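How can one tell that two stretches of a chain count as partners, and what lies behind the words used for them? The questions below take up such terms one at a time.

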Amino acid sequence: MSIRMYFENVTLRDIKVGDEVTRNMGCVVTKTKVTELTDTTIICGPWKFSKRSGVEIDNDLSEPASYITKET
């Protein structure tokens, strides 16, 4: 199962600038804040994530390195 398929159910549609999210990168879990939003991306400082899936967008990597979640 690909990481893209696995995270189809992540719901981030109600996220706002300033919200705290959890960035998961393997076994490293950190809290970060949303600094900017576009129609398709959530930006947390230097990191960009898909608004649809929460998966990191990084053109330098062949596979996603991390994803974000928001506690409800």
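Q: What makes strand E1 (residues 20–25) and strand E2 (residues 28–33) a pair?
A: In this predicted model, E1 and E2 are joined in the antiparallel sense over six bridges. Two strands pair if there are at least two bridges between them, so with six bridges E1 and E2 qualify as a pair. Within this pairing, Glu-20 stands opposite Lys-33 in E2.

Q: What lies between E1 and E2 in the hairpin that they form?
A: Two residues separate E1 from E2 in the hairpin, and in the turn Gly-26 has a positive phi of about 65 degrees.

Q: How do you know that E1 and strand E6 (residues 67–69) pair?
A: Three bridges link E1 with E6, in the antiparallel sense; the requirement is at least two bridges, and therefore E1 and E6 also count as a pair. Arg-23 stands opposite Ile-68 in E6.

Q: Which pattern does the protein chain follow along the sequence, and how many helices and strands does it have?
A: The chain has one helix and six strands, and reading along the sequence gives the pattern α-β-β-β-β-β-β.

Q: What share of the 72 residues in the protein chain is buried, and what makes a residue count as buried?
A: Buried residues make up 33% of the 72 residues, where a residue is called buried because its relative accessible area is under 20%. The protein chain exposes about 5,000 Å², of which carbon and sulfur atoms supply 49%.

Note on methods. Residues are numbered from 1 along each chain as its sequence is written. This is a predicted model: local features need pLDDT of at least 70, side-chain atom pairs count only at pLDDT 80 or more; totals for chains, interfaces and linings use all residues. Side-chain values use heavy atoms; hydrogens and water are left out. Helices (H or I, at least four residues) and strands (E, at least two) are DSSP runs, numbered from the N terminus. Buried means under 20% relative accessible area, exposed over 50%, partly exposed in between (1.4 Å probe, protein chains only). Accessible areas come from the Shrake-Rupley method with a 1.4 Å probe; for residues, only the protein chains shown count as cover.
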